[in-house]
Amino acid sequence: MASTVAVVGAGMSGLTAARELHRAGVDVLVLEAADRLGGRAMTETSALGSRVDLGGQWIGHDHHRLKALASELGATQFRMHSRPLPIVVDGSRRVRAAAPSMLATLLVLVGVEALSRIAKTQRWNATTVQAWLRRVPGRARRLLEVLAYISWTADLNRCSIHAMAQSIRQQGGLRTMLATAGGAQESLVAEGIGSLIEGLAAELGPRVLPGRRVTSIVQSGDGVTIGTTAGDVRAAKVIVTVPPPLTGRITYEPPLPPGRAALASDTYMGSVYKGVAVYSRPFWRDRAGGEFLVLDKPGRAVFDTGAPGGPGHLCVLVGGPEARELDRLEAAERRNAVLGALARYVGPDVLEPASWHEKSWHLDEYVGGGYVALALPGTTDGIPPIECTPTGDIHWAGTETAREHAGYIEGAIESGTRAAREVLEALSVSW
């Protein structure tokens with residue numbers, strides 16, 4: 001019987017699982033379709049030498065696994081530089097915190113929070129967030145729309161109220177989801193999340209194989225045959241970590257059970273664009289600060305993500321269909337489109353970054369979008385945490401399967417650790 005365990009996907013989940021198996025003495029191979037490692041994490045070096053995260057980057061206040069990994073690998077963790085509330089911009093106007101639209105938005109959010117605490121919300125599984133938002137008047141609707149785009153990256157006509165409520169509940173409430181201090185965006189890694197990917201991969205060495213797209217998984221009585229674009233791999237077990245919508249690109253023999261197979265068609269990846277502008281210094285901290293919610297199209301959130309003592313970083317997120325609309329523009333036009341509204345508040349220097357970095361994740365062939373797989377209205381199996389019972393010798397991981405913090409890097413680490421434990425128990429290897 002083959003003794004190797006194959007891991008499909010070299011993102012945080014796959015590399016975590018592979019490292020746990022390797023440390024337990026199991027022969028392991030990581031098969032990655034792309035020519036780079038990291039999956040939904042991607043780090044570049046700016047013109048000023050700082051590290052820029054174009055994918056997942058935040059450490060939440062209770063993301064203990066990610067904090068521990070960063071400490072183990074010697075990465076520098078720092079708190080986000082933030083203010084109590086972002087500046088809300090609508091065209092040429094700054095929206096006051098006490099404006100009627102802001103108060104209306106707050107009332108709706110309180111209602112959404114209450115809805116998320118209801119044990120059974122399936123009755124709203126056929127009602128989309130878009131249909132629900134039509135009942136909200138004026139600017140408050142637009143503010144909620146932008147918040148939803150940034151939070152879930154979904155097309156709001158393809159996201160149900162039930163899925164939204166489940167996501168809020170699973171993440172510990174709206175405050176945790178949206179907040180910096182004490183929330184899911186509390187801290188960052190100065191060296192970038194890519195440094196953690198590099199650290200995990202370095203320990204595994206030649207066992208990580210990029211450019212090996214998996215095309216088939218065939219189970220037989222004596223193990224698994226994994227077909228790849230560079231030849232077959234024989235293994236005793238396989239851990240699949242790719243996002244659920246992408247699992248349909250792999251053929252399975254015997255076919256997957258109906259519920260598992262349906263995930264590929266009942267889920268989709270959201271659309272998200274991320275840009276990071278790098279400046280010699282964070283000049284905005286002396287003015288209006290660096291956190292904004294911009295309501296004019298493309299709706300976007302802006303964060304101050306620069307490390308203490310380093311260059312200034314402004315991170316911009318655009319989600320949903322408005323992220324795809326940016327694809328029609330040239331790079332310089334996109335940069336001006338997402339930074340232009342800030343000049344009135346922090347000065348014209350914001351339009352002249354020393355370094356500009358961007359990534360449209362919905363155009364990434366091997367990721368498909370971000371941040372997390374989304375369930376189509378009327379379906380429930382694709383709402384995280386996704387069922388991950390092994391299918392014979394196939395084990396399932398990925399952030400969508402995490403019981404805690406699905407959709408975050410923390411969830412990816414949890415899922416990889418859990419899948420490795422399952423495999424070790426199945427192979428009768430002591431944990």
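**Cavities, a helix pair and some backbone details**

Helix α5 gives the largest share of the lining of the largest cavity, namely five residues. Helices here are DSSP runs of H or I with at least four residues, strands are runs of E with at least two, and both are numbered from the N terminus. The model is predicted, so local features need pLDDT of at least 70 and side-chain atom pairs count only at pLDDT 80 or more, while totals for chains, interfaces and linings use all residues. Residues are numbered from 1 along each chain as its sequence is written, and side-chain values use heavy atoms, leaving out hydrogens and water.

The structure holds four cavities of 30 Å³ or more. A cavity is a set of points, on a 1 Å grid over the protein atoms alone, where a 1.4 Å probe fits but cannot get out; lining residues have an atom within 4 Å of a point. Grid points are joined across faces, edges and corners, and the volume is the space filled by probe spheres set on the points. The largest cavity holds about 130 Å³ of space. It is lined by 13 residues, and L109, L144, L147, A148 and W152 are the closest to its centre. At least two lining residues come from each of α3 (100–116), α4 (129–133), α5 (138–152), α6 (161–170) and α7 (174–178).

What classes of residue line the largest cavity? There are 12 nonpolar, one polar and no charged residues. Ala, Val, Leu, Ile, Met, Phe, Trp, Tyr, Cys and Pro count as nonpolar, Asp, Glu, Lys and Arg as charged, and the others, Gly among them, as polar. The second largest cavity, with about 50 Å³ of space, has a lining of no nonpolar, four polar and three charged residues. These are H81, S82, R83, G289, G290, E291 and D304.

Next comes helix α6. Seven of its 10 residues are buried, so α6 is largely enclosed by the rest of the structure. Buried means under 20% relative accessible area, exposed means over 50%, and partly exposed lies in between (1.4 Å probe, protein chains only). The buried residues of α6 pack against α3, α4, α5 and α7.

Two packed helices are described by the angle between their axes and the distance between the axes. For α3 and α6, the angle is about 85° and the axes are 8 Å apart. The two helices are therefore roughly perpendicular, a label for angles of 65 to 115 degrees. The contact (heavy atoms within 4.5 Å) is made by V112, E113, L115 and S116 of α3 and I161, M164, A165, I168 and R169 of α6.

Some backbone details remain. Most residues other than glycine have a negative phi, and most peptide bonds are trans. T153, in the loop between α5 and α6, has a positive phi near 60°. Is T153 buried or exposed? At 0% relative accessibility, T153 counts as buried. H405 also has a positive phi, of about 60°, without being a glycine. H405 lies in the loop between β22 and α13 (409–426) and is buried at 9% relative accessible area.

Cis peptide bonds join E253 to P254, with omega about -5°, and P384 to P385, with omega about 0°. P254 sits in the loop between β14 (251–253) and α9 (258–266), and P385 in the loop between β21 (373–375) and β22 (394–396).

Terms used
On a 1 Å grid over the protein atoms alone, a cavity is a set of points where a 1.4 Å probe fits but cannot get out, and a pocket is an open set with protein on both sides within 12 Å along at least five of seven lines; lining residues have an atom within 4 Å of a point. Axes are lines fitted to C-alpha atoms, for helices over the stretch in contact, and angles run from 0 to 180 degrees between N-to-C directions. Angles under 35 degrees count as roughly parallel, over 145 as roughly antiparallel, 65 to 115 as roughly perpendicular and the rest as oblique.
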